[in-house]
Amino acid sequence: MTAETSPLLRTVGIDGLLVSFGDRLDEAANRAALAFRAALEAEDWEGVTELSSSLVSTYLRFDPLALSHAELEARLRPLMASRDWREAPLPQGRRLHRIPTAYGGQLGPQLAEAAGLADMTEAQAVEALSSARVRVTALGFAPGQPYLGELPPVWNIPRQQALTPKVPKGALVLAIRQFVIFSVTAPTGWRHVGQTAAPLFRMGHARPFLLAPGDEVEFPALSEAEFDRLATDPDGGVTSEVLS
Amino acid sequence: MSGGLRVLSVGPAVTVQDGGRPGWIGQGLSRGGAMDRQALAEAAALLDQPQGAALEMAGAGGRFEALSDLRIALTGAPMRAQIDGQPVVWHAVHALPKGAVLDLGPVTAGVYGYLSLGGGFDLPMVLGAQSAHLTAGLGARLEPGEVLPAGTDRGGPTGRKLAVEDRFSGGLLRLVPSLQTGLFPEEQRDRLGRTRFVRDSRANRMGVKLVPEGEGFGVEGGLSVVSEVITPGDIQITGDGAPFVLMAECQTTGGYPRLGTVIPADLPRVAQAPAGADLRFRFVTLDEALAAEAAHRAQMAGLRGQVAPLIRHPSEVRDLLSLKLVSGFSNGEHHDH
């Protein structure tokens with residue numbers, strides 16, 4: 001599929017349909033997936049039990065014995081064809097989060113390596129990364145864990161060959177023009193450039209997931225000493241506002 | 001607290017599981033819930049109550065003391081089971097009076113045994129379910145000394161059983177095509193149906209590894225497909241060519257190519273296949289898969305009608321002389337089992 005052709009409709013198991021707007025991550029495909037999901041939420045079709053968006057696709061889960069594949073497809077096709085979704089604006093109600101981040105040093109041990117791959121000094125890298133604004137393209141892998149993109153092309157650095165056995169919860173890692181913040185301690189092939197205290201998933205909280213697909217995020221820099229003081233802040237220093 | 005179960009000792013992988021948490025895929029939280037959903041339906045039929053949570057016991061159970069008069073259902077993989085030292089039948093509902101000790105040993109077939117209570121467990125709902133989801137950091141494995149509070153049992157029969165077909169030793173799994181089935185060469189899709197797979201020892205609530213007899217499976221350049229939604233039953237092919245069937249606690253999205261998707265009706269068979277069991281695959285059409293789903297749901301809905309009294313033949317009763325063969329004289333301190 002190319003960017004110019006219409007979206008692709010495929011089945012997922014026996015109870016899902018997936019509408020895809022690209023076969024690789026790009027800004028327009030992600031925006032289309034977010035916009036199409038928002039359009040489906042507004043439609044609120046009976047029988048559709050779950051909606052989600054991932055990097056380039058919108059997913060619908062439904063009870064196929066209550067709402068047939070044919071009937072759902074007959075509703076979806078006209079909506080898919082109703083506009084060029086890759087030109088659609090981002091949905092309303094998204095939020096902007098500022099997540100304070102300690103870059104480099106022990107809290108971001110691979111900053112120098114990542115900066116080198118981008119032909120920058122560490123100071124330039126911190127300046128660039130802390131002033132970049134990225135979009136939550138998808139949540140996945142672990143609860144509330146965001147994929148964020150896209151960073152400027154200079155950050156198209158590969159995943160490393162060997163896995164880092166363990167990065168801590170809250171680690172900000174980078175590869176292929178994207179950030180991930182780890183919501184659990186995990187191994188990764190992405191480079192660990194900084195540390196956040198963002199509470200990505202809070203069980204029992206009124207808003208258990210800090211981020212939603214489509215939200216925007218900035219990672220302003222703070223010192224290790226300032227970062228240590230965040231340990232007592234349940235919000236991890238994060239501030240959030242609704243984007244208008 | 002009205003009562004419940006005290007955990008005296010417990011196997012290494014025992015958690016509370018129910019139907020899981022649908023609706024959070026977009027937030028990165030997979031549905032989770034019981035590996036063998038059918039066992040929950042069987043427990044609900046035996047206890048004559050709505051489907052709810054059970055203790056899911058992988059491989060080994062534990063010893064549990066009743067802190068109040070309870071009804072218990074034993075479903076899923078059969079385990080050696082005793083109440084106060086007397087063997088009791090699996091796939092059945094029993095009385096477990098206050099003070100009695102239930103001893104559940106290793107599985108005798110299959111993988112996951114389930115212990116359910118009349119009235120369920122009085123545990124908090126987190127994001128709409130009681131299930132532990134360990135990979136998401138929700139809930140925990142059971143520990144000795146813990147007390148599981150029982151919900152209010154509106155009462156119902158005990159001493160009843162279900163005849164259950166074998167789903168505890170592998171067998172045939174029906175597949176529908178997945179998002180990436182078309183990426184696999186036709187030769188591989190054909191070979192899939194002719195290949196015998198052995199369930200590997202590597203298996204957990206996230207996925208079950210199968211080792212093919214003969215050549216492996218894979219896609220040229222298949223390690224770089226864009227991450228897409230995962231649904232339980234998806235057969236993911238990793239680097240070594242061996243398939244993983246992704247199960248209840250799988251990730252929500254993944255970038256490995258998937259060869260097909262096992263239909264929901266056959267997932268209990270995957271969950272319950274013990275290490276070394278033979279499994280085979282057969283592609284079916286979506287219409288065939290939907291007919292199988294309808295048949296499976298009808299079968300689950302009909303379970304209540306198949307619950308039958310538990311009749312023991314006198315020759316099987318070792319303690320015949322100790323049984324009260326005439327009722328009506330119990331002071332409530334003693335019980336039949």
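Reader: How many residues of chain B are in contact with chain A, and what makes two residues count as in contact?

Author: 31 residues of chain B are in contact with 36 residues of chain A. Two residues are in contact if their C-beta atoms, placed from the backbone, lie within 7 Å. The model is predicted, so local features need pLDDT of at least 70 and side-chain atom pairs need pLDDT 80 or more, while totals for chains, interfaces and linings use all residues. Residues are numbered from 1 along each chain as its sequence is written, and chains are lettered from A and ligands numbered from 1 in the order in which they are written.

Reader: Which elements of chain B supply the side that touches chain A?

Author: S16 and helix H4 (286-301) of chain B each supply at least two residues of that side. The largest share, five residues, comes from H4(B). Helices (H or I, at least four residues) and strands (E, at least two) are DSSP runs, numbered from the N terminus.

Reader: How is the side of chain B that touches chain A divided by class?

Author: This side of chain B has 17 nonpolar, 12 polar and two charged residues. Ala, Val, Leu, Ile, Met, Phe, Trp, Tyr, Cys and Pro count as nonpolar, Asp, Glu, Lys and Arg as charged, and the others, Gly among them, as polar.

Reader: Why is B:Glu228 called buried?

Author: A residue is buried if 20 or more other C-beta atoms lie within 10 Å of its own, exposed if 12 or fewer, and partly exposed in between. B:Glu228 has 24 other C-beta atoms within 10 Å, and therefore B:Glu228 is buried. B:Glu228 lies in strand S16 (residues 228-229) of chain B.

Reader: With which residues is B:Glu228 in contact, leaving aside its neighbours within four places in sequence?

Author: From chain A, B:Glu228 is in contact with A:Leu18, A:Ser54 and A:Ser57; from chain B, with B:Leu179 and B:Thr253. B:Leu179 is 49 residues apart from B:Glu228 along the chain, yet 8.5 Å separates their C-alpha atoms.

Reader: Where does A:Leu18 lie, and what stands opposite?

Author: A:Leu18 is in S2(A), and A:Arg10 stands opposite. Five bridges join S1(A) to strand S2 (residues 16-20) of chain A, and the two run antiparallel. Two strands pair if DSSP finds at least two bridges between them, so five bridges make S1(A) and S2(A) a pair.

Reader: In what order do the four strands of the open sheet in chain A stand, and what makes a strand an edge strand?

Author: The order is S1-S2-S4-S3, with antiparallel pairing. Strand S1 (8-12) and strand S3 (48-53) of chain A each pair on one side only, and these are the edge strands. From one strand to the next, the twist averages 20 degrees.

Reader: What lies across S1, S2 and strand S4 (57-62) of chain A?

Author: Helix H2 (residues 69-81) of chain A does, running at about 15 degrees to S2(A). Axes are lines fitted to C-alpha atoms, for helices over the stretch in contact, and angles run from 0 to 180 degrees between N-to-C directions.

Reader: How is chain A divided into domains?

Author: The domain assignment gives domain 1 (8-87) and domain 2 (95-242) of chain A. Such bounds come from an automatic or database domain assignment. The contact takes seven residues from domain 1 and eight residues from domain 2 of chain A. Helix H1 (residues 27-43) of chain A gives the most to the domain 1 side, with three residues.
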